[in-house]
Amino acid sequence: MEKARPLWDNSFQFVFACISYAVGLGNVWRFPYLCQMYGGGIASVVVSFFLSMYYNVINAWAFWYLFHSFQDPLPWATCPLNINHTNYLEECEKASSTQYFWYRKTLNISPSIEENGSIQWEQAVCLILAWLMVYLCILRGTESTGKVVYVTASLPYVVLIIYLIRGLTLHGAANGLMYMFTPKLEQLANPKTWINAATQIFFSLGLGFGSLIAFASYNKPDNNCERHAIIVSLINSSTSIFASIVTFSIYGFKATYNYENCISKVILLLTNVFELEEGSLTAANLEDMKSYLASAHPSEYTELFPQIRNCSLEAELNTAVQGTGLAFIVYSEAIKNMEVSQLYSVLYFTMLLTLGIGSMLGNTAAILTPLTDSEFLSTHLPKEVIAGGVCFVNCIIGLVFTLEAGSYWFDIFNDYAATLSLLLIVLVETIAVCYVYGLRRFGEDLHVMTGHKPSWYWKIMWAFVSPVLIVSLFIFYITDYISSGTLRYQAWDATEGQLVTKDYPSGALAVIGLLVAASTMCIPLAALVTLIMNRTKRGNALTAA
């Protein structure tokens, strides 16, 4: 399939197209002057490469959970017994069965990032399987990738609809939805909120990565990219709200279940200790009875008090998690309490796997497109070999994340490999098009593509609103970094069955610095090299004249 001239599905994609193919990477249709000035293309490829190094580990974990979803009961439904078969394992009892399965059975996590441990071969095999699937999907290029995307893009919607119907019928779903739609205005003053929101939008729309450009370069040059930009944005936002409703309905069920289970344990404890009549103590009169027992039996109640849990639905709802915790702990905890839990587990982790594979296809395309478009590589190596080489290198590096400390390194890459870099890349792209190439010429080129010039709304958003918002996010990011002081991470304490906060060691801080510098420094370095080369050529031309 021959490439048409690049067509950009939205303004950010177009901006990225100009700069992402700098210094000869990719297919540049227009704007040769602009595209030779910046190294944003190299930076984007570096960010995509970093993302590929660790992101497929999520698919490996999804495979692991999917394989275990066919067991009855689910292996994370209950805690395993100790060696003597007299009680449950202490670590599992102090945590929960789902946390134990995640941190011990899946990750076999070490106490700190400084204790790397050995490779977990079950996870390594799942990672190899995940990369093999990615390779098979991209083996034939865009033809095979496009067909796979039909499945990876549509199947999650089917599963989400099934989960929506099931989630809304679960006991406590309304509590989760009320929690979701209740605004917390104090969070608007938290810089971390805006940083997380920007990161979510960048990842969901693919801004700064190049995956959309890699696919869009196969479109016809007369497609209506403005209409596509609006449609993609609306679908993205609608999907986020839709998925949030599904998530919070299930999250409400999980929180309500834990709250009611806590109440039942407290009632059973008080009934047995104080020999109360069965049924006299209920959730409705629990607080009054606790006050009465404390006054009537002060010594016994004081001795028992450490065992009486403080049950609160609000506290359960406030213990929100994100990322891998949400995907593999909260959902698995909710699923284990559902009827026909194996079915819903298979559906969920199949959906998670298709989402992850779909993301990897776009990300690897952002890396492969400039490589396969390189005249040197394409003349010496077939596309299948180039694709295989990229997958193999990423798979070998990805084995780091299957170590006992691999989860900690995963969090480092997830938190620092792309966030600041993407902000800088997109800011440079926006400034380059609006103030270097010029909005007037940009509008004329869009006129050639769409048949009409962009309205004043688009020009204001490109020239003023977008740069101001990105710079504000930069300020928020730096402010959050300064206020947080030493960078810290969450480590698993097996003796307590919970996460504890620790400071990153110097080695981890050095890796964080290298991750940020490796992508962000591409832009000024490439610009400097291009400037020196141009001046050298001019000097040689003047000398020859």
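V340 is exposed in this predicted model, with a relative accessible area of 54%. V340 sits in the loop between α15 (324–336) and α16 (341–372). Its phi is positive, about 50°, although V340 is not a glycine.

Most residues other than glycine have a negative phi, and most peptide bonds are trans. N108 lies in the loop between α5 and α6. At 25% relative accessibility, N108 counts as partly exposed.

The peptide bond from D72 to P73 is cis, with omega near 0°. P73 belongs to the loop between α3 (40–68) and α4 (90–94).

**The chain as a whole**

The protein chain has 23 helices and two strands. Of its 545 residues, 46% are buried. Take the contacts between residues at least 6 apart in sequence: 77% of them join residues at least 24 apart.

**Helix α5**

How much of helix α5 is buried? Eight of the ten residues of α5 (residues 97–106) are, so the helix is largely enclosed by the rest of the structure. The buried set is S97, T98, Y100, F101, W102, Y103, R104 and T106. It includes the arginine R104. After α5 comes N108, with its positive phi near 45°.

**Two helix pairs**

Helix α6 (residues 121–138) and helix α18 (residues 383–398) have axes that come within 10 Å and cross at roughly 160°. That angle makes α6 roughly antiparallel to α18. The crossing of α6 and α18 is right-handed. On the α6 side, the contact is made by L127, I128, W131, V134, Y135 and I138. On the α18 side, E384, A387, G388, C391, N394, C395 and G398 take part. The residues of this contact between α6 and α18 divide into nine nonpolar, three polar and one charged.

Helix α20 (residues 419–450) packs with helix α21 (residues 456–484) at an angle of about 165°, with the axes 10 Å apart. α20 and α21 are therefore roughly antiparallel to each other. Their crossing, α20 with α21, is left-handed. From α20, the contact residues include L420, L423, L424, Y435, F442 and L446. From α21, they include K459, W462, F464, P467, I470 and Y477. The contact of α20 with α21 divides into 19 nonpolar residues, three polar and one charged.

V390 is in helix α18. At 11% relative accessibility, V390 counts as buried. Leaving aside neighbours within four places in sequence, V390 is in contact with I367, L368 and L371. V390 and I367 are 23 residues apart in sequence, yet 8.3 Å apart in space, C-alpha to C-alpha.

S407 is found in helix α19 (residues 406–416). Is S407 buried or exposed? Its relative accessibility is 11%, so S407 counts as buried. Not counting residues up to four places away in sequence, S407 touches L107, I109 and F401.

A pair of aromatic rings is described by the distance of the centres and the angle of the planes. The structure holds 32 aromatic pairs. One of them joins F248 and Y251, edge-to-face, at 6.2 Å centre to centre with 80° between the planes. F248 and Y251 are three residues apart in helix α11 (residues 225–273), which means that about one helical turn separates them. Y251 is buried, with a relative accessible area of 4%. F248 counts as partly exposed, at 22% relative accessibility.

**Accessibility of selected residues**

| Residue | Relative accessibility | Class |
|---|---|---|
| V340 | 54% | exposed |
| N108 | 25% | partly exposed |
| F248 | 22% | partly exposed |
| V390 | 11% | buried |
| S407 | 11% | buried |
| Y251 | 4% | buried |

Technical notes
Residues are numbered from 1 along each chain as its sequence is written. This is a predicted model: local features need pLDDT of at least 70, side-chain atom pairs count only at pLDDT 80 or more; totals for chains, interfaces and linings use all residues. Side-chain values use heavy atoms; hydrogens and water are left out. Axes are lines fitted to C-alpha atoms, for helices over the stretch in contact, and angles run from 0 to 180 degrees between N-to-C directions. Helices (H or I, at least four residues) and strands (E, at least two) are DSSP runs, numbered from the N terminus. Angles under 35 degrees count as roughly parallel, over 145 as roughly antiparallel, 65 to 115 as roughly perpendicular and the rest as oblique. A crossing is left-handed if the near helix is turned anticlockwise from the far one by less than a right angle, and right-handed if clockwise. Contact means heavy atoms within 4.5 Å. Ala, Val, Leu, Ile, Met, Phe, Trp, Tyr, Cys and Pro count as nonpolar, Asp, Glu, Lys and Arg as charged, and the others, Gly among them, as polar. Buried means under 20% relative accessible area, exposed over 50%, partly exposed in between (1.4 Å probe, protein chains only). Rings of Phe, Tyr and Trp (its six-membered ring) pair if their centres lie within 6.5 Å; planes under 30 degrees apart count as stacked, over 60 as edge-to-face and the rest as tilted.
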